[in-house]
Amino acid sequence: MLVIIWGFILLLAIAVIFLIWAQFSSQNIVTPENPLNQQLEEKVIHLEENLKKTLEIMQDLAKKMHTQQEVLDQTSHKLKQVEQQNAELVGILAKAVQPDP
């Protein structure tokens, strides 16, 4: 009985080894001469170039947005200063317009 079990295990191991060998031997070997591989490599190169261009554009946009944010901050600061000056002027005009008792 033990011999039958070991024989069955050996038969299964041989079958698994044969299936693995058949799988590897049936796959096409990838070679650079394959036209499909050349097309895929060209597409990958093209996509990499597009990605580089897109990255450059995004970096330029980020720089422009940063510059615009700085200008906006400066403008906001100047606006606050003008509002403070206007408030001071209104206070001075209010004192000037009030009748003296």
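Reply: Helices (H or I, at least four residues) and strands (E, at least two) are DSSP runs, numbered from the N terminus. This is a predicted model, where local features need pLDDT of at least 70, side-chain atom pairs count only at pLDDT 80 or more, and totals for chains, interfaces and linings use all residues. Residues are numbered from 1 along each chain as its sequence is written, and side-chain values use heavy atoms, with hydrogens and water left out.

Me: ok, where is Ile 9 found?
Reply: In helix α1, which covers residues 2-26.

Me: switching topic. how many aromatic pairs does the structure hold?
Reply: One aromatic pair. Phe 18 and Trp 21 have ring centres 6.0 Å apart and planes at 35 degrees, so the pair is tilted. Rings of Phe, Tyr and Trp (its six-membered ring) pair if their centres lie within 6.5 Å; planes under 30 degrees apart count as stacked, over 60 as edge-to-face and the rest as tilted.

Me: where do Phe 18 and Trp 21 lie?
Reply: Both are in helix α1, three residues apart, which is about one turn of the helix. Phe 18 is partly exposed at 49% relative accessible area, while Trp 21 counts as exposed at 56%.

Me: last one, how is the protein chain divided?
Reply: Into domain 1 (1-30) and domain 2 (34-100), with bounds from an automatic or database domain assignment. Their C-alpha centres lie 66 Å apart.

Note on methods:
Buried means under 20% relative accessible area, exposed over 50%, partly exposed in between (1.4 Å probe, protein chains only).
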